Amino acid sequence: MSRVVIAGIPALIASMLLLPGHANAAQCSAAATPAQQTAAIHALMMRMTTAEKLGQLNQLGAQGSATGPKKQRLVGEAEIAAGEVGSFLGVRGADQTRRLQEVAVTRSRLKIPLLFADDVIHGYRTTFPVPLAEAGSFDPDLAERTARIAAVEASASGIHWTFAPMVDIARDPRWGRVVEGSGEDPYLGSLMAAARVRGFQGRKLSAPDSLLATAKHFVGYGAAEGGRDYNIASMSPQTLYDVYLPPFNAAVKAGVGSVMASFNEVDGTPMHANGMLINGLLRKQWGWNGLVVSDYTGVMELLHHGVAANRGDAGERALRAGVDVDMVSEIYAKDLPQRVASGHLPLGIVDASVERVLVAKCRLGLFDDPYRGSDAARERASILTAEHRHAARDAAGRSIVLLKNAHDVLPLSKDIGKVAVIGPLADEPWAMLGNWPGDGKPEDAVTPLAALKKSLGEQRVAYARGTGLLGDDHSGFDAAIAAAKSSGVVLLFVGEGPEMSAEAASRSSLDLPGNQQALADALAATGKPVITILLNGRPLSVGKLADASSALVEAWFPGIEGGNAIGDVLFGDVNPAARLAITFPRTVGQVPIYYAHKNTGRPPSAGEKYTSKYIDVPWTPLYPFGYGLSYTAFSYGDLKISSTRIMANRRQKVSVTVTNTGMRAGDEVVQLYLRDEVASVTRPVRQLRGFRRIHLDVGESRVVEFELGRDDYAFHDAAMHDVVEPGRFDVFIGGSSEATLKGSFEVVSTR
Ligand code: GLC
């Protein structure tokens with residue numbers, strides 16, 4: 001077995017060993033200084049064989065945990081004891097993780113603890129609204145709170161590392177994974193990314209209730225051509241740097257400990273082989289030295305991309321690009337040893353990745369306590385508590401968007417009499433749990449039907465499923481119509497099943513699946529007011545559904561307390577205030593359609609034929625980014641800008657007075673957009689550069705103040721320099737991306 005002496009280290013180790021009270025050099029303590037940790041890790045690495053080193057870079061999935069094409073083979077304790085695996089994906093539960101960890105720290109030669117990773121995306125056992133919904137709350141503190149609760153629960157179950165937050169900007173709702181991110185806007189996406197990193201990682205990574213967070217999928221995954229999952233991403237460098245990279249940079253600045261490479265290529269180079277963006281930009285330029293993990297079989301897929309002739313080539317390209325951990329391909333562990341032995345792959349490249357894996361384990365405190373205090377008792381005490389359920393209900397209520405409310409039909413009176421609860425999603429627990437439910441269980445979920453029966457009483461609820469999510473079966477229509485006719489109002493729950501959303505669930509249409517629209521039309525024909533609640537994972541072209549509905553509520557996949565939260569909104573216990581974090585097209589033919597678009601040389605104009613628009617549908621969206629209604633109303637006025645001319649490096653203050661002019665207290669999401677009128681390259685017609693979710697009582701006014709600075713004006717020019725160019729900037733403030741209250745100022749310098 002080869003031993004590796006890392007030049008220059010022995011003296012440092014010797015000095016380390018002389019430190020009073022120093023732990024065994026093979027032990028790396030989370031309490032030690034970074035220099036001491038590095039020295040301890042190097043001391044450990046000096047004792048490791050090449051096979052043991054590559055074993056640390058090998059991540060296997062627990063049986064049955066496949067989230068990709070490869071089925072998991074049963075990994076026995078023998079592999080762990082042999083030091084052939086460094087981390088697991090999908091192993092859950094205090095007992096299960098303790099059992100495997102005990103094998104690693106008692107029977108392997110060097111007793112290096114395992115890392116346990118899982119997709120804790122929007123909650124662990126207490127499932128919260130899907131990230132796209134939560135982003136619509138425009139409340140980063142909420143995102144931090146729910147991530148924190150997820151970390152408390154998952155860590156109690158022995159999980160150390162979550163593959164979240166997903167921070168991919170997405171502007172094509174055909175792509176199923178729009179549900180997992182924060183929508184179309186880099187500014188909102190960056191704030192949500194940082195909040196979720198803070199929530200997952202807590203104040204210090206070594207705390208037993210902290211998780212190592214992962215910013216994923218680096219980078220450009222959401223730009224999949226055609227919205228078809230795993231497809232290529234082609235874009236200008238400016239778009240890459242000004243749209244898709246900012247949320248990753250925000251996660252790095254928030255201290256994210258891990259990044260996951262994405263399946264896609266960017267302009268011809270698959271991300272799992274993209275050393276320029278991983279080692280060059282992420283590590284060298286941004287100064288980040290965390291752990292990069294491949295996506296599921298992403299290393300092997302370099303063969304399919306056609307940039308590697310064999311598994312060894314694929315493994316070597318990925319490792320040289322900076323992908324430290326090989327998720328499930330087993331190429332690093334099985335195909336690279338001979339590459340190292342032959343000298344084809346320098347051991348130093350392996351060592352760099354091994355060090356990052358071991359440092360992550362050290363920072364998590366795994367060398368101090370491989371179990372991090374996870375046990376069955378703590379697990380039982382931490383999971384699905386009343387407090388967590390309350391937080392889930394609050395999160396869902398803050399994430400529900402009111403899209404239409406004709407004649408203020410909502411909120412309903414609790415004395416309303418009988419209601420008809422209809423639709424394929426009225427009693428579907430998986431539509432509450434969403435697409436990455438973690439350890440969430442359908443029996444935990446409160447469906448809308450269950451919530452309404454509980455709040456109104458069984459005798460006041462007439463339920464009829466009406467139809468399914470797919471197909472054209474009308475056999476349930478009559479019962480649904482009868483239920484409607486026997487009630488004062490129809491509550492219709494339609495949308496998508498969670499299996500129609502998220503990974504490997506791209507759709508070529510944005511229409512309501514199946515014959516749900518026909519059901520809505522039949523119910524509208526009864527003359528009863530139809531209140532439609534959408535449960536879905538992507539923007540849908542629901543213009544006809546809105547026409548058939550007196551009110552339209554976007555509830556997304558709202559989490560285990562979704563049914564209760566929907567009831568809270570329908571009956572006014574919660575005044576909805578969430579906004580859309582992604583544009584709703586009128587039709588899929590408009591895609592991509594997003595608010596921060598360019599003006600073009602022929603901006604759309606109804607009166608002029610030769611302008612950029614469609615001849616068969618308006619060029620405007622069905623519902624714009626940032627849009628959402630309330631049960632009250634707000635007015636904006638008194639826009640003030642502190643300086644009409646300002647240096648780019650000085651803080652510009654913008655304020656506006658917002659008043660609740662309606663009959664109910666409520667939250668308003670005050671949004672500030674900027675437009676750079678003239679620049680050396682074209683600039684979007686407006687970009688979100690500030691928002692505040694504020695609560696106002698009836699008649700209350702508040703001055704809301706924003707600060708602008710260099711980062712708000714900066715962009716990448718044609719030469720890819722990060723620049724601010726002097727010129728006039730327009731400010732728009734209001735309750736959506738169509739805000740009209742306008743002011744302007746001049747930036748007079750480039751610094
Ligand atoms: C999946 C997803 C990724 C997830 C990983 C592990 O393919 O792309 O987001 O974290 O595999 O489940």
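This is a predicted model: local features need pLDDT of at least 70, side-chain atom pairs count only at pLDDT 80 or more; totals for chains, interfaces and linings use all residues.
View 1. Let's start with the layout: domain 1 covers 11-378, domain 2 covers 396-590 and domain 3 covers 634-749. These bounds come from an automatic or database domain assignment. Between the C-alpha centres of domain 2 and domain 3 the distance is 35 Å.

**View 2. Where domain 2 meets domain 3.** Here, seven residues of domain 2 touch nine residues of domain 3, with contact meaning heavy atoms within 4.5 Å. Together the two domains bury about 690 Å², 37% of it on carbon and sulfur atoms. Buried area is the accessible area (1.4 Å probe) that two parts lose on being put together, summed over both.

**View 3. A salt bridge between Asp 667 and Arg 398.** The side chains of these two residues pair up at 3.6 Å, N to O. A salt bridge is a side-chain nitrogen of Lys or Arg within 4 Å of a carboxyl oxygen of Asp or Glu. Domain 2 and domain 3 have two salt bridges between them.

View 4. Look around the ligand and you will find 13 residues, the closest being Thr 67, Asp 119, Arg 177, His 217 and Asp 295. A residue counts as near if one of its heavy atoms lies within 4 Å of the molecule.

**View 5. Side chains facing ligand oxygen atoms.** His 217 places a polar side-chain atom 2.6 Å from an oxygen atom of the ligand, and Arg 177 places one 2.8 Å from a ligand oxygen atom. For Glu 503, an N or O atom of the side chain is 3.0 Å from an oxygen atom of the ligand. Taken alone, the ligand exposes 310 Å², and the protein buries 100% of that (Shrake-Rupley method, 1.4 Å probe).

Definitions and conventions
Residues are numbered from 1 along each chain as its sequence is written. Side-chain values use heavy atoms; hydrogens and water are left out. A polar contact is a pair of N or O atoms within 3.5 Å; within protein, one must be able to donate a hydrogen and the other to accept it, and residues adjacent in sequence count only if both atoms are side-chain atoms.
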